[in-house]
Amino acid sequence: MTPGIALIALFLGMTAAPAVDGARVVLNGTAVCLDAAGGVAPCRAALERFGWETPDGVVHRLARAESIVTMLRDPRVRERANQVTGLRGVTGEVEVVSIRAAGDGPARELFYFCAVCNVRSYSPGPCPCCRGEMDLREEPVEGPWR
Ligand SMILES: [Zn+2]
């Protein structure tokens, strides 16, 4: 456990066990990078596979890309995100639905936004409309599911 993870665990307090509601999961914790074998590895190179380490030390595998999970390639997101909501499939992998920053007050959903085009995106990279750079934004959400 790294000091950063310990700090987040402390910060999130009592929610050590992931909340499970059927196939829906809300996981507090922090992103970790996984190697091809599914083990926790330093975040570098391809950044193809991610896991989510909850404060109890369990690493939940996240379903791989073409989904919102590609946001975790962005170090700004990895450093800020501390809650994912998703759907756990039969393989145990979690398909990520949203990536959030938690802390004081309501959780804030993380997304990219182009003010020029008024476009919202969950994929890092240039704006799909004007190809300009998109800002990383956060916006409060009411509950774990909208
Ligand atoms: Zn744009």
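Which residues touch the most other members of the largest nonpolar core? In this predicted model, that core holds 24 residues, and those touching the most other members are Phe50, Val69, Met71, Val96 and Ile99. Two or more residues are given to the core by each of strand 2 (24-28), strand 3 (30-34), strand 5 (50-53), strand 8 (94-101) and strand 9 (108-114), and strand 3 gives the most, with four residues. In soluble globular proteins, nonpolar side chains tend to be buried together. For Val96, the contacts beyond four places away in sequence are Leu62, Ser67, Ile68, Val69, Val84 and Gly86.

Strand 9 also pairs with several other strands. With strand 8 the pairing is antiparallel over two bridges, and Ala101 has Arg108 of strand 9 as its bridge partner; six residues lie between these two strands in their hairpin, where Gly103 takes a positive phi near 150°. Strand 9 pairs with strand 11 (residues 135-140), again in the antiparallel sense, over six bridges, and Asp135 in strand 11 is the bridge partner of Phe113. Strand 10 runs antiparallel to strand 9 and is joined to it by three bridges, while the hairpin of these strands has four residues between them, with Asn118 at a positive phi near 55°.

Val119 lies in strand 10 (residues 119-121) and is the bridge partner of Cys114. Because 15 other C-beta atoms lie within 10 Å of its own, Val119 is partly exposed. Apart from residues up to four places away in sequence, Val119 touches Cys114, Cys127, Pro128 and Cys129, and the C-alpha atoms of Val119 and Cys130, eleven residues apart in sequence, are 9.7 Å apart in space.

Notes. Residues are numbered from 1 along each chain as its sequence is written. This is a predicted model: local features need pLDDT of at least 70, side-chain atom pairs count only at pLDDT 80 or more; totals for chains, interfaces and linings use all residues. A nonpolar core is a set of buried Ala, Val, Leu, Ile, Met, Phe, Trp, Tyr and Cys residues joined through C-beta atoms within 7 Å. A residue is buried if 20 or more other C-beta atoms lie within 10 Å of its own, exposed if 12 or fewer, and partly exposed in between; C-beta atoms are placed from the backbone. Two residues are in contact if their C-beta atoms, placed from the backbone, lie within 7 Å. Two strands pair if DSSP finds at least two bridges between them.
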